[in-house]
Amino acid sequence: MNWLKLLMRIFQLTPVIVAGIEQIHTDASGSSKKQMAMDALALATGVASGVVPEEQPGINAASKLAGDMIDGVVATFNATGVFQHDKQAATPTAARSAPSPITSGAVHPSGGN
């Protein structure tokens, strides 16, 4: 397995996944959205483990990295105002505006290349 390529894909897709969950589930709590992202990550990890079980240590490490990146991306989006939360809303994490659209090259498996 080409781990450098995999890590680059994780770096590219994590902000897309976080922004997508935020756009779709604007009224969900932050912890619920984090759980949705972690569930998606667990699904991908399970598939990878089934396809290449001999790579389990690397899969586990990449999964932990992706989970840490989800936290970092959310913190960065919150700090920079990409995710703007309405202080008057009943749910503190309700978004007032959606993040900017993601280009198709960012989500295409070939990276748009």
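This is a predicted model: local features need pLDDT of at least 70, side-chain atom pairs count only at pLDDT 80 or more; totals for chains, interfaces and linings use all residues.
**Overall fold.** I counted the secondary structure first. The protein has four helices and zero strands, and from the N terminus the order of elements is α-α-α-α. I then looked up burial: 25% of the 113 residues count as buried. For contacts between residues at least 6 apart in sequence, I noted that 65% join residues at least 24 apart.

**Helix H2.** I took H2 next, which spans residues 30-51 and has 22 residues. From first C-alpha to last, H2 reaches 32 Å, close to the 32 Å expected at 1.5 Å a residue. Which residues of H2 are buried? I found Lys33, Ala37, Leu41, Thr45 and Ser49. They lie on the same side of H2 because they cover an arc of only 150° around the axis. The general rule I kept in mind is that an α-helix has 3.6 residues a turn, so residues three or four places apart point the same way. On the face turned away from the buried side of H2, I listed the exposed residues Leu43, Val47 and Gly50. I also checked what covers the buried residues of H2, and the cover includes helix H1 (3-24) and helix H3 (56-80).

**Largest pocket.** I recorded a volume of about 480 Å³ for the largest pocket. Its lining has 21 residues, and those closest to the centre are Leu6, Ile10, Leu41, Ala44 and Ala66. H1, H2 and H3 are the elements that give two or more residues to this lining. Sorted by class, I have 17 nonpolar, three polar and one charged residues in the lining.

Notes
Residues are numbered from 1 along each chain as its sequence is written. Side-chain values use heavy atoms; hydrogens and water are left out. The expected span of a helix is 1.5 Å times one less than its number of residues. Buried means under 20% relative accessible area, exposed over 50%, partly exposed in between (1.4 Å probe, protein chains only). The arc is that of the directions from the helix axis to the C-beta atoms. Contact means heavy atoms within 4.5 Å. On a 1 Å grid over the protein atoms alone, a cavity is a set of points where a 1.4 Å probe fits but cannot get out, and a pocket is an open set with protein on both sides within 12 Å along at least five of seven lines; lining residues have an atom within 4 Å of a point. Grid points are joined across faces, edges and corners, and a volume is the space filled by probe spheres set on the points. Ala, Val, Leu, Ile, Met, Phe, Trp, Tyr, Cys and Pro count as nonpolar, Asp, Glu, Lys and Arg as charged, and the others, Gly among them, as polar.
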